[in-house]
Amino acid sequence: MTTTQVLIVGAGPTGLTLGCELARRDIDCLVVDKAPRLFPGSRGKGLQPRTLEVFDDLGVLDAVLAAGAPFPSFRMYQGTHVQWTRTLHDMLGIAPVERVHGVPYPDAWLLPQWRTDELLRDRLLELGGRIEMGTELVDFVQDDTGVTATLSRNGTLDRVHARYLVGADGGGSFVRKALGVGFEGETFETERTLIGDVRAEGLTGTYCHVLTTGDVQERFSLWSMPGTDYYQFVASMTADEVPELTVAAVQKILDERSGRSDIRLFDLNWISVYRVNVRMVDRFRVDRVFLAGDAAHVHSSAGGQGLNTSIQDAYNLGWKLAAVLSGVPDGLLDTYEDERFPIAAQVLDVTTHSHRRNFRAPEPGQGSPDIFQLKLNYRGGPLAVDMRENPGAVRAGDRAPDAQCAEGRLFDLFRGPHFTLLGFGADTASSVAEVVRGQGDRVRARVIEPGIATDATFAVGAAFRNYDIDPAGPGALVLVRPDGYIGVVATDPAPIQNYLIW
Ligand SMILES: Cc1cc2nc3c(=O)[nH]c(=O)nc-3n(C[C@H](O)[C@H](O)[C@H](O)COP(=O)(O)OP(=O)(O)OC[C@H]3O[C@@H](n4cnc5c(N)ncnc54)[C@H](O)[C@@H]3O)c2cc1C
């Protein structure tokens, strides 16, 4: 029997992100996947701004930006006539996010999921992580010391002992079923979505081409996939309309729905039909076994949240698992469920709302959901400590914004596995020194002078504005967690020192 500290089941975006998080903290982990190779389809193609920030921290952002493209505009056709072209923001009815408010990557990014998976796999290997394809988890038992898993490699069984096991094994999760964890929700029984990757002749420009004969509800969409000459096609239909999974059958649907015959599809690389399930687990943890990503929640692809929420699960769990394996109290791991359960519920609502809206313009006054995931927060949770009587707009539990300081950019300071202590105002210098004493590499610190805030993206002085701290008021100490959320806001060191038991 071999051993590892964490066995991660599933080499999708969740398992690979978690693997990177653990490997960069020198935690021994093994990622296994029953498939012979990484998933070949483009399915979760929209990377939200918050995911780009996670990728920045993990060291894959440059590769992601080089391989992908800005999220394209939607181009609506009636036959060959272009009816309109709208940006994602137009479609959502929201204003573009301002970089000036501490959001360095304000726009969604397009990258086929197979490429995202490849880049995460490459980063995992670079960090010294291990991944075994063609290796299926077929059984596991747990006790107080860990989990003993049975793996099948081409029918040959082998046992691995791990301190923790993470089921990142997708919507049909074997781990979830073996645990007997409930997966409550609904299935949209009568609807199906046909999706796949294909090459096409007859279209020009980089868009989400929405082809119709006039009725947007009967559309056939073709998304240009960056870095390739493939398109992702998507067509919703009723269960009894599902065709054979061949390029000829897909071509027939395109011809009918577009009313045109000048677009030719060929080289079908991947095709799938799926039913929308809107479900989530009733527990994210059973003792030493965790559920993350699609294994814990599935929903409509409308709003492009699935892959992104899955990556955020892994990012929340990674630093906590590593900390507990390095000796901090196990209770930290309970906060994974405390924090991610409400987020999963919220994402189910957001995606169902987007699904039902189905390309209709938002009603006047109807708020648009935060699909960019920048406002998702852990306020009020067990790891959010705000000592101020009147907290400002940015509070403990919120995502820590970026900003430029005289010494450099905050996101550069955050990058890595440590906590970051920000002292707002020169008066905080002695408190900052007191907190970091004896913490070694665990805590990095910076004392920030007010400077002069301008509207420039990364103007010196922007930190006070982006954290909503009054430069003329008393100084403030802000502790940023390793996953980029604000853990504590205080005026004296004690609450921060207490927090650093984690
Ligand atoms: C058809 C389809 C279209 C989608 N479209 C979109 C979209 O447009 N936008 C969006 O944001 N999201 C979309 N999604 C969702 C997105 O793809 C998922 O949210 C994302 O892949 C979840 O990642 P994951 O790592 O949790 O699971 P997955 O990517 O499903 O990975 C799970 C892995 O676990 C492995 N596995 C399963 N059981 C075992 C076992 N017993 N032992 C070992 N390995 C195992 C599987 O082989 C798989 O590789 C779509 C999903 C589907 C299915």
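Figure 1. Strand E14 (residues 207–212) is mostly covered, with six of its six residues buried (buried: under 20% relative accessible area, exposed: over 50%, partly exposed: in between; 1.4 Å probe, protein chains only). Strands (E, at least two residues) and helices (H or I, at least four) are DSSP runs numbered from the N terminus. The model is predicted: local features need pLDDT of at least 70 and side-chain atom pairs count only at pLDDT 80 or more, while totals for chains, interfaces and linings use all residues. Residues are numbered from 1 along each chain as its sequence is written, and side-chain values use heavy atoms, with hydrogens and water left out. Tyr207, His209 and Leu211 point one way from E14, whereas Cys208, Val210 and Thr212 point the other way. E14 pairs with strand E5 (residues 73–78) in the parallel sense over six bridges, and with strand E15 (residues 220–224) in the antiparallel sense over four bridges; pairing requires that DSSP finds at least two bridges between the strands. Tyrosine 77 stands opposite leucine 211 in E14, and histidine 209 stands opposite leucine 222 in E15.

**Figure 2. Aromatic pairs of phenylalanine 71.** The structure holds 16 aromatic pairs (Phe, Tyr or Trp rings, the six-membered ring for Trp, with centres within 6.5 Å; stacked if the planes are under 30 degrees apart, edge-to-face if over 60, tilted for the rest). Phenylalanine 71 and phenylalanine 74 form a tilted pair, at 6.4 Å centre to centre and 50 degrees between the planes. The pair of phenylalanine 71 and tryptophan 223 is edge-to-face because the planes lie at 65 degrees, with the ring centres 5.4 Å apart. This second pair links distant parts of the chain: phenylalanine 71 is in the loop between strand E4 (69–70) and E5, and tryptophan 223 is in E15, 152 residues apart. Tryptophan 223 has a relative accessible area of 10% and is therefore buried.

**Figure 3. Arginines over aromatic rings.** The charged end of arginine 86 sits over the ring of tryptophan 84, 3.9 Å from its centre (NZ of Lys or CZ of Arg within 6 Å of the ring centre and within 35 degrees of the ring normal). Arginine 264 lies over the face of phenylalanine 266, at 4.5 Å from the ring centre.

**Figure 4. The largest nonpolar core.** This core has 90 residues; Leu7, Phe55 and Leu165 are among those that touch the most other members (core: buried Ala, Val, Leu, Ile, Met, Phe, Trp, Tyr and Cys joined through side-chain atoms within 4.5 Å). Helix H8 (residues 306–325) gives the most to this core, with eleven residues.
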